[in-house]
Amino acid sequence: MHNRRLAAALAVVASAALAGSLALVRPAAADTSLKQLAEGKGKYFGTALVQSNLSNSTLVGVATSQFDMMTPGNEMKWDTTEPSNGSFNFGPGDALVAFAQAHSMRVRGHNLVWHSQLPGWVSSLPSNQVQAAMETHVTTEATHYKGEVYSWDVVNEPFNEDGTLRQDAFYNAMGTGYIADAIRTAHAADPNAKLYLNDYNIEGENAKSNGMYSLVQSLLAQGVPIGGVGLESHFILGQVPSTMLANMQRFAALGLDVAVTELDDRIQLPASSANLQQQATDYSTVVSDCLAVTRCVGVSQWGVGDADSWIPGAFSGYGAATMYDQNYQPKPAYTASVNALGGSGGSSSSSPSTPTSSSSSSGGGGGGAACKVSDTVDAWNTGLTENITISDTGSAAVNGWRLVFTLAPGQTITNGWNATYSPSSGQVTATNASYDGAIAPGGSVSIGFQATHTGNAAAPASFSLNGQACSS
Ligand code: XIL
């Protein structure tokens, strides 16, 4: 297994190197990545990936530069790992683990026991065979990934909305005790993994989270090795519960870790600029709540960007639920998360950690900014100097910006001023410096860089500011 995994890891490294240099060339902007800021606070910032994501170099560039924890979106679920009784398939999960290891990401194992994505053969078992099937499944999978996962969601989504346990195949066969049994079985297989119960709509204080609270109290009283509670956090815009912090604190006070495991914030489409500002506020609240709780170990978003998010497929009419847009450009929620983590990547130094929806919002629709870019290029035989002026042509102030443009083939940025530039060739993102993130309506900022070239000294093309194309 380990040889196969090493081979897979090398293949991933090789393909990532071919696919693009984004992950390899991140000079000054790196200190504002979500993961570095989170690590500075003793936490992680995670994402969910499915195997097909690994061939999307843009997605991979964002995933590996921003996130240090990875949850397989589907590949460790029962329908993939044991599609028929006793026949196990860890290939897809192994590929994701290899990818994570190649990029220094830890792994949240997801999940061992769940009513959904459960193959039909389990639900059709006579009830006196369910316990053995569950224990075999948990033991085999947790043993396979022993030492390679940071945590396991041992039981996923066990609760009904009223705080009673869901009457699924496991509950029906074994009663409440199936949960303790699954956790003990996982612990025997991988004693070092943090063992979680994970559910949605338990982020605030309500009947469902009360049910979870009573259950974990009783598990702890029985000496069951539960380590944490996962709050999925699939939010609807503007509906982050005001009791989320207090709720996390009460679980932490029991001696458990808590984690935000599947964060997204869905918006009824089309998303307006005001929606995206509200989403920024929501993300900021969630990140701040986690930071305020010592035992909150990290925040994971469910997916990398809007283009790979599960939301449009699961909630008709909704989308735009993540920090990155359809083209993997950062949205206001990204900037807000960076700010909440104490960074300044993409916002002026005076920006509040919770953006307001009025004067600090960016100008144009879709979170972009109405902009005009003028530039001059002065070239010599092997190099050039590019000066760029970015003007805010909208009626709202821009507060934190990312200017994306495409360099001509063969050009590589060697140094720049008044922004950080990453990567150094191809499609480049210039992120504002701490002192020039704010552009007043009608105002402008000047930035620039030097680059080497191999004969083509053309000016950059396709400028966009915060995701919106700029006129020239
Ligand atoms: C989702 C996946 O993202 C989808 O691809 C799949 O079709 C359904 O499951 N709660 C969970 C996750 O714990 O496993 C779910 O993932 C989203 C809700």
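I count a residue as near a molecule if one of its heavy atoms lies within 4 Å of it. This is a predicted model, where local features need pLDDT of at least 70, side-chain atom pairs count only at pLDDT 80 or more, and totals for chains, interfaces and linings use all residues. Residues are numbered from 1 along each chain as its sequence is written, and side-chain values use heavy atoms, with hydrogens and water left out.

**Ligand site**

I looked up who sits around the ligand and got N74, K77, H110, W114, Q117, N156, E157, E232, H234, E262, W302 and W310. By class I have three nonpolar residues (Ala, Val, Leu, Ile, Met, Phe, Trp, Tyr, Cys or Pro), four charged (Asp, Glu, Lys or Arg) and five polar (the others, Gly among them).

Next I checked polar contacts (N or O pairs within 3.5 Å). The K77 side chain puts an N or O atom 2.7 Å from a ligand oxygen, and for N74 I read 3.0 Å, again to an oxygen of the ligand. On E232, a polar side-chain atom is 3.2 Å from a ligand nitrogen. The protein covers 76% of the 410 Å² of accessible area that the ligand has on its own (Shrake-Rupley, 1.4 Å probe).

**Helix 14**

Then I turned to helix 14, residues 332-340 (helices are DSSP runs of H or I, at least four residues; strands are E, at least two). Nine of its nine residues are buried, meaning under 20% relative accessible area with a 1.4 Å probe, protein chains only. I see them pack against helix 2 (34-40), helix 3 (57-66), helix 12 (273-291) and strand 14 (402-406), with contact meaning heavy atoms within 4.5 Å. Just after the helix, I noted G342 with a positive phi of about 95 degrees.

Technical notes
A polar contact is a pair of N or O atoms within 3.5 Å; within protein, one must be able to donate a hydrogen and the other to accept it, and residues adjacent in sequence count only if both atoms are side-chain atoms. Buried means under 20% relative accessible area, exposed over 50%, partly exposed in between (1.4 Å probe, protein chains only).
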